[in-house]
Amino acid sequence: MAAGGAARPHDEGLRRPWGAITAFLLPALLVYAALTAYPAFRTLWNSFHEVLPRRETFIGLANYAELIQDEIFWKAVRNTFIWACASPLIEVAVATLLALALYAKVPGARFFRIAWFTPVLMSYIVVGILWAWIYNYDWGPINVALRAVGLGDWAQPWLGQPDTALPALIFVTSWMWVGFNMVVMLAALHSLPREVIEAAELDNCGWGQKLVFIILPMVRATLLNLVVLSFIGKMKIFDLVWITTKGNPLWSTETVSTYVYKRAFEWTTFDLGYPSTIAAVWFVIVLAAVLGLTHLFRLRDKLEY
Amino acid sequence: MDVLKKSILLLLLSGYTLFAAGPFVWAAMMSLRTTTEIHYDHFGFPDPIHWEKYPEAWFNSNYAIYFTNSTQVVLAAVIIVTLIGAMAAHCLARYRFKLNRLVYFVLFSTIIFPPQITIISLFQILVQYGLYNSKLGLTLVYVAIQLPLTVYILESFFARIPSDLFDAARMDGYSDWQIFWKVSLPIAVPAVATTVILNFILLWNEFLFAVVLITDEVNRTLPLGIQRFIGDTQEDIGMIATGLMIAIIPVIVVYAFFSEKLIQGMTAGAVK
Amino acid sequence: MATVTLQDLTKVYDRSAPPAADRVSLDIGDEELMVLLGPSGCGKTTTLRMIAGLESITSGSLSIDEQVMNQVPAKDRDIAMVFQSYALYPHMTVKDNLAFGLRRRAVPRAEIERRVKEIAETLELSPLLGRRPHALSGGQRQRVALGRAIVRDPKVFLFDEPLSNLDAALRVSTRGEIAALHRRLGATMIYVTHDQVEAMTLGTRICIMSGGRVMQVGAPLEVYHAPVNTFVAGFLGNPPMNLIPARVAEGDGGRRLAVAGESLVLPPARMPALGPETALTFGIRPEHVTLRRDGAEAGASLAAEVLQTEALGAETIVLAALREDRAAKVMARVAGDAGFRVGESCRLQFDLAAAHVFGAEGDVLRPR
Amino acid sequence: MKRTLLSGFLAGVVGLAGFAGPAAAQDIELTLWSHWSAEVPKRSFVEAAIADFEAANPTIKIKPTWYEKNALYAALKTALRAGQAPDIFYAEPDQVEYMDNGFLLDLSPLNWAAVEPWAKEAWTYQGKPYGLPLEAWTVELYYNKDKLADLGVKLPANLQLSPEGFLALIETSKAAGVTPMSLGVGDRPFPGAHLSHEALLKKLGVADYGKLLQGEIPWSDPRVVETLTWVRSLADAGLLPKTFTTMKLTEAHIYFHTKPGALMFINGSWYTSRAFNEPDKGGQPDGFPLGIMQFPAVPGAVCNECRTIAVGGSYVANADSEHPEAVLKFFDAFLNPEVGNRWLDNVKVQTGIKADPSKMTDARAADYFSMIAATNEGSKYFFGIPIQVMSGKPKEVFTQVINNALPAGNISVEDAVKQLDAAY
């Protein structure tokens, strides 16, 4: 009999229906194996080779050695990290403020909620094009507005200067994602037990105190989830940069994604080994960062992405 | 809250709304104006309204092709990923076996994979199997990248279906496969709808994999099509805006009808 | 109809833990309503699920109508089950819920229609046939769940705590319905519950389980009046039987018990003669205890102090502590107007003709 | 595409088995991917050539697909690796990776006598020629004659301003509210570098300049630093528009000749392929007073008559093409002076094919070439712009630093030099 080895309660029926289990899992596992696991391993394999169209040569750790000295890569890592660290803070902070405003029963809350959410629906391509226009030096709304209020000297080619380009793009992602974070926060706020907040009111708590001592601690898990989610999203960022600056000027907006793409598909060699090395190292960095973050927040068990 | 405070707050929120939705409205207005009009005044209202720009973009700028491609690839991918994702999720939520949690973790943890880790080799692999530069290849890749999220959302829903229901169906004489089709799936319709809408929007907007895996004009999806328009030539701002709107419209339609569902899906897992 | 025989039925989930069901043996006769009763975790649901075919059987055998069923899949055992949560298919109407099991069994369409209609009428579900479960009240859902089992016309009905999700009033009326159903259908039923009132009122026989084992099987009153061990004695009855540690004292033919510095002399009918100093447990049901301010019989009463009274109207439950052993507490069910106050001293008078004596292991000691 | 792959596979099998029969009986279709989708003159020139060729060779059909340059390069990078590249495609001589990886067909059998030797040289890699050099160009400094006259500035006879004169011109222009020079690097890796590399070439002379690009002379060489400092001082004087870093090539053209209008514009001599379009397709306005001057003299230069000539748009053949003989036939059809003249007439850019400018028929072209001839008189040439000579990391750093950041005033000369030296 098959049941002897069962280690959990609620095993199913007479025999473990391995046939059914296999049939249900097989398609997903096949897709996973062929299009996720295998490519990931192959990338790793690539990273120890020079992968040219007609030949692959084992070169050991040469790619890794080169990577360590590749200033552009480290610049890209730095930019991506700045992005991944700044964005969550901005997005979640602004989103929390907006969510609290709606939570306070403002008329038209539903309309606001739906309107704020729209940026998330657009692709980075659309958003990129739109914001490249918005940042346009000559006729973009930002500079036009600055000139209109007599601050013409502040008008900048926002995406064209190394010190403004990255903040400008970070601003765009924040614009895009604040609404999303707001909606999540609002849902979390609405799921809070009313009694606790009412009890706090009886305890003569002011709004500020209520926020700091009651509400925020209670939505802590949601806040941290949003931070992690936003962090992961920014670690992947590619489309927006590609459509607006392509990493320019002076690599100030280069992200790891764009650099991998450049090295793989735009560089003057056909080598796929080096970009694979970047991908592999980056994968480890992302993994470490995400694990670190979850550990930091001690959410190991609760974390949902 | 007294009236003054409330008005100030409302004013601030309206200001933010202008900021959040303004670019979209601006693009919508430009989509109905010619580039010459736009260059004359970038912020004017469409007067007269150039509706004809839409058919023009559709027929003369290949948008019909891009749109069809996007529709085919995205719909096929969504259907496949929903189906195989639901099967896997059903299995993981319902059957207890030794590797259950391991399989779940393996499938789910790829959600944090940066796309770079697979994209280069996916390119090589699709080339090897003759799927490079084909809609089929892109569809399969889309299935793979949306699988973790789909399994995650559906598994958590299936796990909430009381196991008594499955027991009842078994006693009613249904096989494992029939139980999936006649009990699990119909009950999970709300969750399935969520994943369908979510996957639809995410894939409709997908760019990185498309740009690497598709080069042929006839196989381009919408994001690639739009990108083509910001190439060498003088930017035909008015036409690009029209193209943007064509690309956004399906998403807006979906959003208009399913905004609650969509928000639910987007936020799934983030609320604790 | 059908008989169900359990022979040393055992279920082991985890080898390092005790079995969930341990050598359960039970003969369930045709048309019998057997109640499996016990606290949660006693193995009653596991046993039921093994009978249903929802759990594999680790060892032992299960037969229905003398055919071994161990390896027969659930769907082929011709068994219907009513679940605690009702397990109605939320996406189907009441009608489809009722018909679902039949459709699979290749019953002709017209026949399905007829049977569903019939059952719906019997259970007063006719006006609800087009509704979905979420639009039904708890009692209505309950009836649909019942109907779904009945419509299949199975050999054996299984009930897994079917009333536990109902409110008190509904529970009483539904209990009546099930009893009536049993009489009308004359079917073999196995009914799992932790509620002794259900067990007492419904069961033709009760099987009391604890720790995966069968403690006692018998007709309700038999089990009530002649519990085989302290577990059964303490589990059945509300309030349960008083169990007081005692020792055998010298004299009275080995039937004198020393309890809290006093002694009780039991009639030969209730207790075998035992040697002095034997440790045992003296058991007496609250309805066999009365409180006296004076005139208590020596050898059949103990001094006590009232700790607590619960006046229920027709009767009053009194909790008293023995004066010489405050840790030993006794419940008495006395007349509603007895008028004892908390802190008052009294004597507890026992009807020793209804006393029970259990050995050190908890098994009942009866005169040979 | 898939059919190509499959039939390529089959053809390979057949070829291996030794059954390669006469293919001429069958109709052959050659695929061609080309840049110039927006450059009407070049595109029509090629389309006309295809039509003529198909008329002369009825069994061969050529199917062109027109791309934007960046899109074409991206598509080729993947298609070549995927074995799905067309028979013929557009390339420029800097793309040595094609040759390195054996993607290109050796074009030795062509009638090279009809090609300018320097153009053949530009396409020769390890002894074999690989490209059909259609386009050749020099870096030219265009200006608006009316605007220059308005500013009251006159050019010297040799059309070359002194360093001081050039700086004064910038300042005068600025003062008059006219942007001195239109230029943008929003979508190209080279326009911004024209300023520096022309200056460096003049300062160092052909030989040393070549060494610099090869990494044999360090960028920290005082002559280089001096020159870059001079270029940076021009930028600091307000030479370029503020939108330089984001402006695209086409926008820069329009900025120069239409809106808002700049005094000067530095560009390859293929300026015509955009500017000579109809005005509503991004061309310059009718009667635009186009002038060309020399790049100004550079302080302390050893060779103020040195300048860059480059082979630009060319066609190459896929080494895996099933019909190499048909491709060669098609290429050979370009190699006679008549075609060269037709190119000059229509495209109005120089070509690597030997031609006779005196036989040109188009007046506008003749006028344009006389201006080009005037600035090129007595010139010494260096072949290729830096990014055609460089590759890998140095190329990337050069693009970011010299093309983009230095003229934009976003990097100090010191840092620029340091980064470049580190890249080799």
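This is a predicted model: local features need pLDDT of at least 70, side-chain atom pairs count only at pLDDT 80 or more; totals for chains, interfaces and linings use all residues.
Student: OK, which chains have the most contacts between them?
Tutor: Chains A and B. Five pairs of chains touch, and that pair has the most contacts among them. On one side are 68 residues of chain B, on the other 76 residues of chain A.

Student: What kinds of residues does chain B put there?
Tutor: The side of chain B that touches chain A has 50 nonpolar, 15 polar and three charged residues.

Student: And chain D against chain A, how many residues are in contact?
Tutor: 22 residues of chain D meet 19 residues of chain A. By class, the chain D side has six nonpolar, 11 polar and five charged residues.

Student: Which helix of chain D gives the most to that side?
Tutor: H16(D), with six residues. Helix H16 covers 392–408. Helix H3 (69–81) of chain D also supplies at least two residues.

Student: Switching to chain C. How do helices H2 and H4 cross?
Tutor: H2 is residues 94–104 and H4 is residues 138–151. Their axes come within 8 Å and cross at roughly 30°. An angle under 35 degrees counts as roughly parallel, so H2(C) is roughly parallel to H4(C).

Student: Left-handed or right-handed?
Tutor: The crossing is right-handed. H2(C) brings residues including C:Val94 and C:Leu98, and H4(C) brings residues including C:Val144 and C:Arg148.

Student: What classes are in that contact?
Tutor: Five nonpolar, three polar and one charged.

Terms used
Residues are numbered from 1 along each chain as its sequence is written. Chains are lettered from A and ligands numbered from 1 in the order in which they are written. Two residues are in contact if their C-beta atoms, placed from the backbone, lie within 7 Å. Ala, Val, Leu, Ile, Met, Phe, Trp, Tyr, Cys and Pro count as nonpolar, Asp, Glu, Lys and Arg as charged, and the others, Gly among them, as polar. Axes are lines fitted to C-alpha atoms, for helices over the stretch in contact, and angles run from 0 to 180 degrees between N-to-C directions. Helices (H or I, at least four residues) and strands (E, at least two) are DSSP runs, numbered from the N terminus. Angles under 35 degrees count as roughly parallel, over 145 as roughly antiparallel, 65 to 115 as roughly perpendicular and the rest as oblique. A crossing is left-handed if the near helix is turned anticlockwise from the far one by less than a right angle, and right-handed if clockwise.
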